[in-house]
Amino acid sequence: MANGPTASERFLNGILPENPVYRQLLGMCPVLAVTAAMLPALTMAAATAFVLISANGIISLIRGQLRPHLRILVFTLTIATFVTIADRFLAAYLYEMSKVLGPYVPLIIVNCLIISRCEICASKQSVRVAVADAVGMSLGFTLALTSIATVREILGSGSWLGIRVLPEAWPNWGIMVLPPGAFLVLGLLLAAVEWWGQWRAQRMDYAVAPAMRGQQAQATGEGMEEANSWKA
Amino acid sequence: MTRKTKILGYLQQAWLVLVLACAYGGALAGVQISLSPRIAENRRQETYRIIPQLVPGAEQEQTVELSISDRHGNPARVYQTRDAEGQPNGWVVPAKGPGFADDIGLLIGLDPPLNKITGMYVLDQRETPGLGDFIRDADFQRQFRGKAADTPIEAVKADPGEQQITVLSGATVSSSSVCEIVNTALANLREPLLQEWARASAGADPRDEAEAAW
C-alpha cells in the first residue's frame, strides 16, 4: 500500500475536505438527535472525540497483531469499552447532561465514523498518523454538530450556549427544537457546504487553467501527452 | 488433526481478542468501582430534590433513609418523608424493573398508611428515544397520582377506569412496564412499610434507632 496522506494532511482532511458529516454523511444519529441546543451538542462531540481518539490509538498500536477475519470484533470491543467509560464518566461528573443525552451516549458505539476510521486509517497507519487523523475527524464532527446546533438553538430558543442572543420579542421557532428542524437545518447546511465546495473548485479551475494553457502552448506533443496522462 | 493442535490453532487466531477482552473487562471494572459511589450520590441528590413533588408537604431536609427488607427478605432502601414539624407524612420508594430496552428506575410517593399513591417519577430510563422515552412526560407520570396503593394498576389503551392508566401510543411496552414495576414494588414492600409505620405511630422514632445503631 502506498503511504497515503501524511499525519498533518489527514488532520486537515478531517476538518473540512473530508468532513465526517458534510462530506461523508456519517454519524447522522447524533447529528439529528442532540443538536437542539449547543451544550448537548458539545458534550456529544467531546464524548465522540474521546472514543474516536482512544480507539484509533489502541487499534494502531495493535495493528500488527490483527487477524483479518477478527478485526471488526476487535474494533467493536475497543469502541464499546471506551463508550462505556465515557458514559460512566458523564453520569458521575455531568449527571444532568447525561440525563439529557440519555441513550445517545451508549449509541456512540454504532457511530460509523469511529469504526470507519479504525478500518480505513488506524489498522494500517502508525500511532502518530492515526491519532492525527482521529483528532482531525473529531474536530470536523464537532464543527458539524455545533454549526447545526447554533442555527437550531438561535432560531428555536433565541439563545446560544444558553445565553440569550435574540431580543425577548423573538417568537421561538418551535419546529427548530423538534426533529423536523434537525432535518431541515442539516439539509440546508449540507446544500450550502456543497455549493461552497463547487464554487471553490470552479474558481480553482479558473485560477489553474491559464497557467496550464500557457504550459500547453509551450509544450511539444510529448509534453501534451504527459500532461494528459497526469490528469487521468 | 488432534484435538490439541485444534485448540492451539484457535488460540493462535483468537489470542488478541481474549487478551483484549480481559484487559478491557478489568479497565471497566476499575472505572465502575471508582465512579459508582459518585453516580449513586448523584441519584440520591436527584431523589431528594424530587421528594417534595412526590409527597405533598414533605421537607427535603427532614427526610429519613431507612433500610428495610421486603417480603422476600431482600434488602430495600426507602425514604420516610416528614413535614416541616418533623412528623412523618409519607414514603418515597425507589423501584427498579425491566423496561423495553433496559431497566427503568422509578420513585413512588405514598401516603403513610399506604392507601394512595401520591406521586410517581421516572428516575432512570433508556427507552427508545421518541417513543418509549415518553414515560418521562409529566402528564404520563401524573396519571399515577391518587391511585389506590393496595390494588394493582392496569395499563389500558383508552378510557381508563378507576385503577387504570392510559398507555402512550408508541410506548405500550414502556408504559406497561412502569405499571408492572409499581405493582411489584408495592406488593413487595407493603407489609414491611406498614410495620415500620405502626412502629413510628407507636412513638419509636427511626431516627433515634439509626443513631443508636451507630
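Predicted model: local features only at pLDDT ≥ 70, side-chain atom pairs only at ≥ 80, totals over all residues.
Student: OK, where else does Arg82(B) turn up as a bridge partner?
Tutor: Arg82(B), in β2(B), is also the bridge partner of Glu59(B). That belongs to the pairing of β1(B), residues 59–69, with β2(B), residues 75–82, where seven bridges join the two antiparallel strands.

Student: What sits between β1(B) and β2(B)?
Tutor: There are five residues between them in a hairpin, and Gly73(B) in the turn has a positive phi of about 85°.

Student: Then what does β3(B) pair with over eight bridges?
Tutor: Its partner there is β4(B), residues 103–110, and the two strands pair in the antiparallel sense. A hairpin of four residues joins β3(B) to β4(B), and within the pairing Gly97(B) stands opposite Ile104(B).

Student: Switching topic, how many residues does each chain put into the contact?
Tutor: Chain A gives 27 residues and chain B gives 27 residues. The area buried between the two chains is about 2,400 Å², and carbon and sulfur atoms give 63% of that. On the side of chain A, Arg88(A), Tyr95(A) and Lys99(A) supply 24% of the area that this chain buries against chain B, which is more than any other three residues.

Student: What does Lys99(A) meet in a salt bridge?
Tutor: The side chain of Lys99(A) meets that of Glu46(B), at 3.0 Å from N to O. Between chain A and chain B the count is three salt bridges, and there are also 10 residue pairs in polar contact.

Student: Which element of chain A gives the largest share of that side?
Tutor: That is α4(A), which contributes 13 residues to the side touching chain B. By class, this side of chain A has 16 nonpolar, six polar and five charged residues.

Student: Last one, how far does α7(A) reach?
Tutor: Helix α7(A), residues 127–157, has 31 residues and reaches 42 Å from its first C-alpha to its last, close to the 45 Å expected at 1.5 Å a residue. Just after this helix, Gly158(A) takes a positive phi of about 70°.

Conventions:
Residues numbered from 1 in each chain as written. Chains lettered and ligands numbered in written order. Heavy atoms only, no water. Contact = heavy atoms within 4.5 Å. Buried area = accessible area lost by both parts, 1.4 Å probe. Salt bridge = Lys/Arg side-chain N within 4 Å of Asp/Glu carboxyl O. Polar contact = N/O pair within 3.5 Å; in protein donor to acceptor, adjacent residues only side chain to side chain. Nonpolar A, V, L, I, M, F, W, Y, C, P; charged D, E, K, R; others polar. Expected span 1.5 Å × (residues − 1). Pairing = 2+ DSSP bridges.
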